[in-house]
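The following exercises are to be worked with the sequence and the coordinates at hand. Each task is followed by a stepwise solution.

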Amino acid sequence: MRIAAVFAGGATLQSGAEIRPFEPDWGNACAGKHDREAIGFLSASWRLTRMGSRNAMQIAVIGAGVMGLVTAHQCALRGGRVTVYERRAEAGRGCSWYAGGMLAAWCEMESAEPLIGELGLESLAYWKTHFSHVVEKGTLVIAPPRDLPDLKRFAARTTLHEWIGREAIAALEPDLAGRFETALFFEREAHLDPRDTLAALKAKLTDEFGVTFVMDHAVTADAIDADHIFDCRGYEARDALHDLRGVKGEMLILRTKEVSLSRPVRLVHPRIPVYIVPRADHHFMVGATMIESGDRTRFSARSMVELLNAAYAVHPAFGEAEIVEMGTDVRPAFADNLPRIRRDRNILRLNGLYRHGYLGAPALARRAAEIVFEQKSFPEVER
Amino acid sequence: MDPLQFYGVSVASRLLLGTAQYPSPAILADAITRSDADLLTVSLRRESTGGTGGRDFWKLISGTGRKILPNTAGCHSAKEAITTAEMARDVFDTDWIKLEVIGNADTLQPDVFGLVEAARELSAQGFKVFPYTTDDLIVAEKLLSVGCEVLMPWGAPIGSGKGLNNRFALKAMRAHFPSVPLVIDAGLGVPSHAADAMELGFDAVLLNTAVAKAGDPVGMAEGFALAIKAGRLAYLAGAIEARDMAVPSTPVFGQPFV
């Protein structure tokens, strides 16, 4: 299947796409405003292609976590006719469900390779373009006085932050006033609620792009008849990716009206570096442990102690919070903790996002879609 | 040849490397290669609980072909440490155990009372115990008397990066136990700290945080390896005595050719 026309925005049109009369209301009623802005003015024929012409490229995506859904989106944007297969009854219930949703491209440079920063910037732009859920209020990184050397180390390993003192901390987060003498503020970072975002993404794919979802259905790539198959199963893909390992994470959701935070707060600590992400209705996500293990079944008492201790150190009112949820799952990772696209005939396996699901998936998906639709290659992730 | 032996087994490098806290397993593997460490400490508690849970990480460690010294990091009582050591013997198939009994979660100071108690029980069970201890000579004697043949005194608190906090006590320890293998365990920050320890006559150095949390762990691993070699050579070569006044390196009197 050859690509005949290439748009200015990078999207492609297949030759022989069936042209039907343009329906002017369709775009306004269904296509997101941001989509149109992102892609630029597209011809009517492209819209028809994405509504599903006979000759549209048949795309199958296995796995409806963040990786699968953004891949479906990137393929649909390029005119693919997409079917998403998910073994669970609902989308986004793997480790995407338990993520912090921090779009922390700069903070993550404390321990991640430069590639993560590069993917992170692109992904941040993606989320901001396509979803209204993104909260752009930055990240605050704090440490108890005796762990200031760790905060200095954090600062030395990262960029685009500002050292701030008591007054500025109080101005940003009034409830932390007087509790910390100094902090690092990463103004350009953002966060989102992963659960709301994936629900909105799935709705967008269904309503605007006509993507088909086959839920409660575990399939292997070999059993699917499609032009191209994107394997986005995360840790489940160990049958095909033998060098994939699991890094277990445990997280809590707390609820209290006694503390308000506007942005993610990271507590630097030699034993228990923890972040707290504010969510709607006085909920707070507290996470996450990092354990070299593929076991996704148990939440240990020790992890609970560590997470709660850290939350308590940020604000004692968390001691009175209700524990709404305890979650545990396994992050898929390769040995260098960097994501990859592996080609295997007409199958592309997108995996190894580690702790950078929301930060890495959109940028990885864009590359994967361009590999298929535009015959490009991306050596930085094709390893 | 400058052989180093623990419990009768030769170890090819005087740099012992911990395997926790690296940015990624790939960086850990590179750091192991560049440091040329022959003996790796591995924590049982978090990485291998639940049977097959930590299998992938363990596969990576065992794939390096290095000797393994499991530890009881994070254990706060003799009983807990003994249980962990028994599990470690099964998981890693070795009777070597680096024994840590921690007295305080924040300072990570060894609980020397629990340490001696656990060392006695484990030695009786046939374990080869490597105790993480302070620089206290009497505690050291007790550890030797219950069966330990190696001592691992701290340089400074774990992860503090301070270097040798009490050189006087450490020198006294070396003098007091001239033939017991002594390994500086914990508290080092930069290669010069390791060279310092080796120049004092310590037999080896165990590193983890200083390498794992460095900006470039792989480069730092090699830096430490070179420093440890340098310090060891200096100790064997015999250093000059420091003095207050200058001594000309070229004699000025009685030179035959003036």
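Helices (H or I, at least four residues) and strands (E, at least two) are DSSP runs, numbered from the N terminus. The model is predicted: local features need pLDDT of at least 70, side-chain atom pairs count only at pLDDT 80 or more, and totals for chains, interfaces and linings use all residues. Residues are numbered from 1 along each chain as its sequence is written, chains are lettered from A and ligands numbered from 1 in the order in which they are written, and side-chain values use heavy atoms, with hydrogens and water left out.

**Exercise 1. Describe helix α5 of chain B, its ends and its packing.**

Step 1. Helix α5(B) covers residues 112-124, which is 13 residues. From first to last C-alpha the helix reaches 18 Å, close to the 18 Å expected at 1.5 Å a residue; the expected span is 1.5 Å times one less than the number of residues.

Step 2. After the helix comes G126(B), whose phi is positive, near 95°.

Step 3. Buried means under 20% relative accessible area, exposed over 50%, and partly exposed in between (1.4 Å probe, protein chains only). Among the buried residues of α5(B) are V112(B), L115(B), A119(B) and L122(B).

Step 4. The buried residues of α5(B) pack against α4 (78-92), β6 (96-99), β7 (128-133) and α6 (137-145) of chain B; contact means heavy atoms within 4.5 Å.

**Exercise 2. Determine the strand order of the six-stranded open sheet in chain A and find what packs on it.**

Step 1. The order is β10-β4-β3-β11-β19-β18, with mixed pairing. Two strands pair if DSSP finds at least two bridges between them.

Step 2. The edges are β10 (212-214) and β18 (340-344) of chain A; each has a single partner strand, so one side of each lacks a neighbour in the sheet.

Step 3. On average, neighbouring strands are turned by 20° against each other, direction ignored. Axes are lines fitted to C-alpha atoms, for helices over the stretch in contact, and angles run from 0 to 180 degrees between N-to-C directions.

Step 4. Helix α10 (residues 357-374) of chain A packs on this sheet and touches β3, β11, β18 and β19 of chain A. The direction of α10 makes about 170° with that of β19(A).

Step 5. Strand β11 (residues 228-231) of chain A pairs with β3 (residues 58-62) of chain A in the parallel sense over four bridges, and A60(A) stands opposite I229(A). β11(A) also pairs in the parallel sense with β19 (residues 347-351) of chain A, over three bridges, where D231(A) has R349(A) as bridge partner.

**Exercise 3. Is H356(A) buried or exposed, and what does H356(A) touch?**

Step 1. H356(A) lies in the loop between β19 and α10 of chain A.

Step 2. With a relative accessible area of 3%, H356(A) is buried.

Step 3. Not counting residues up to four places away in sequence, H356(A) touches E108(A), A112(A), I116(A) and A361(A).

Step 4. The side chains of H356(A) and E108(A) make a polar contact (2.8 Å), that is, a pair of N or O atoms within 3.5 Å; within protein, one must be able to donate a hydrogen and the other to accept it, and residues adjacent in sequence count only if both atoms are side-chain atoms.

**Exercise 4. Where in chain A does pLDDT stay under 50?**

Step 1. pLDDT is the predictor's confidence in each residue, from 0 to 100. Chain A averages 86, and 86% of the residues score at least 70.

Step 2. Residues 1-52 of chain A stay under 50. Where pLDDT is low, the predicted coordinates should not be read in detail.
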